[in-house]
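Dear colleague,

Please find the structure below.

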Amino acid sequence: MGLPVHIVTVVLYKLKNSKLNQLLNEQITAIKESEQYENLIKEYEEQYRSKKEFFQEEIKASKMKQEATKLANERVKKIVLEEFTMQKIQQMSYRKFFIDCLSSRTFLAISFIPGIFMYLFLFTYCKPVIRYIFERLWMTIFVIALVTVFVFSILYFSPSDPAANILGESSTAEQRAEFNHQYGLDQPYWVQLWDTVKGIATFNLGYSYTGNEDVIASIANKFPITLTIAFWSLLMAIILAIPVGMISAAKRNSIWDYSLMFIALIGLSIPNFWQGLLFILNFSIKWHILPATYSPNDWLSMIMPVIVLGTGMTASIARMTRSSLLEVINEDYIVTAKAKGLKPKRIFFNHALRNALIPIITLIGLEFGGMLGGAAVTEKVFNISGIGSYIVDKQFIPDIPAILGGVIYVAITISIVNLVIDILYALVDPRIRSQLKST
């Protein structure tokens with residue numbers, strides 16, 4: 001990322017070091033031409049002679065001269081470096097040189113455009129929260145890429161033949177071959193996979209096999225419906241479930257606890273399609289209170305799908321809230337807070353509930369993702385033209401572009417939800433924030 005900037009800074013670093021080396025060589029040469037250098041050579045020759053005489057070894061004049069000159073040169077270089085150190089003249093490393101350059105506003109202004117990617121990376125990585133989000137975004141891209149390859153491979157190697165399913169059994173081999181050629185199904189696996197990845201990246205998945213409709217346009221029309229119903233179901237679940245779980249935890253083993261958890265167990269056990277049909281039978285056909293099918297222009301038609309889709313989530317979150325609070329209440333810091341004389345209400349809300357939110361937030365994210373992908377049954381019951389029913393209808397062909405588009409963009413939404421959940425972790429739990437800062 002910083003290669004354009006480093007090319008220039010390496011040249012500057014070499015130039016600065018060459019000047020320093022030139023000054024160093026000049027000082028060394030000056031000492032070598034002085035009497036001090038001759039004295040050093042004589043001193044080391046005397047040492048060499050004394051050592052050889054002590055061990056009764058032969059003294060070779062050439063070897064003695066070579067050894068004394070080498071030691072004298074090392075001593076001269078050491079003397080010059082010590083003088084440079086006293087004068088605060090040092091040969092800095094490239095890392096130190098580059099950091100000094102970054103501390104200069106002039107350098108930053110000049111190198112901003114060629115080094116913009118490097119500076120963005122450095123800015124991202126020096127902020128713990130931004131780095132945390134940045135890493136999660138990269139993970140999200142990796143997950144989406146894997147989902148794309150996985151779903152496409154399943155559809156590619158499935159025994160279903162889209163041409164035969166759409167054209168019918170009476171179609172000829174030439175007609176099927178023409179169909180496959182028109183939609184690129186006669187291309188090798190890697191070619192089709194590359195076209196699919198490129199289409200998802202550019203938001204252009206072509207046209208579906210049935211109806212010849214633009215896949216992205218169809219998803220753009222159907223996905224907001226599912227997202228809207230899932231959002232209101234999630235909001236209903238949070239508003240109802242967390243207070244219910246708090247009441248059950250605060251009044252543990254009481255009639256309130258047993259009653260609320262029994263209702264939550266029923267909510268977990270009811271199948272969506274049966275609950276939806278029961279609602280239609282009573283509220284629409286028998287009592288004529290709510291419309292039986294969904295209509296985008298009638299907000300009353302959204303009430304039953306939202307309740308049906310949110311019932312299981314409400315029950316799950318309520319039970320998780322209760323169990324998480326009961327686990328936290330027995331922790332040592334809660335006992336310490338009680339011993340300090342804090343009011344029970346403050347202990348419950350400020351200490352217990354806040355620390356119990358992590359598993360609750362995790363469950364909310366998982367349930368919301370499950371609603372986006374698993375709302376097909378509810379959509380079929382209430383005749384909702386959402387993304388879930390769209391994927392189910394297309395998978396029997398199989399309509400590869402439509403299925404891929406639906407699944408991938410659901411995966412993108414779930415990944416974004418998980419990213420938001422991860423950010424909420426850091427906001428709720430101070431331990432995660434401190435861990436981010438320490439890394």
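Confidence in this predicted model is lowest in helix α20 (residues 430-438), with a mean pLDDT of 67, and highest in helix α13 (residues 272-286), at 89. For the chain, the mean is 82, and 95% of residues reach 70 or more. Where pLDDT is low, the predicted coordinates should not be read in detail.

On the helix pair: the axes of α6 (residues 116-126) and α7 (residues 128-157) come within 5 Å and cross at roughly 110 degrees, which means that α6 is roughly perpendicular to α7. Helix α6 contributes Phe123, Thr124, Tyr125 and Cys126 to the contact, and α7 contributes Pro128, Ile130, Arg131, Phe134 and Glu135. By class, these are 6 nonpolar, 1 polar and 2 charged residues.

On the salt bridges: the count is 7. One of them joins glutamate 46 and arginine 49, at 3.2 Å from N to O. Both residues lie in helix α2 (residues 35-54), 3 residues apart, about one turn of the helix. Glutamate 46 is partly exposed at 44% relative accessible area, and arginine 49 is partly exposed at 27%.

Lysine 96 and aspartate 100 form another, with the closest N and O atoms 3.1 Å apart. They are 4 residues apart in helix α4 (residues 94-102), again about one turn. Relative accessibility is 41% for lysine 96 and 31% for aspartate 100, so each counts as partly exposed.

Regards

Definitions and conventions: Residues numbered from 1 in each chain as written. Predicted model: local features only at pLDDT ≥ 70, side-chain atom pairs only at ≥ 80, totals over all residues. Heavy atoms only, no water. pLDDT = per-residue confidence, 0-100. Helix = DSSP H or I, 4+ residues; strand = E, 2+ residues; numbered from the N terminus. Axes fitted to C-alpha atoms, helices over the stretch in contact; angles between N-to-C directions. Parallel < 35°, antiparallel > 145°, perpendicular 65-115°, else oblique. Contact = heavy atoms within 4.5 Å. Nonpolar A, V, L, I, M, F, W, Y, C, P; charged D, E, K, R; others polar. Salt bridge = Lys/Arg side-chain N within 4 Å of Asp/Glu carboxyl O. Buried < 20%, exposed > 50% of the residue type's maximum accessible area, 1.4 Å probe, protein only.
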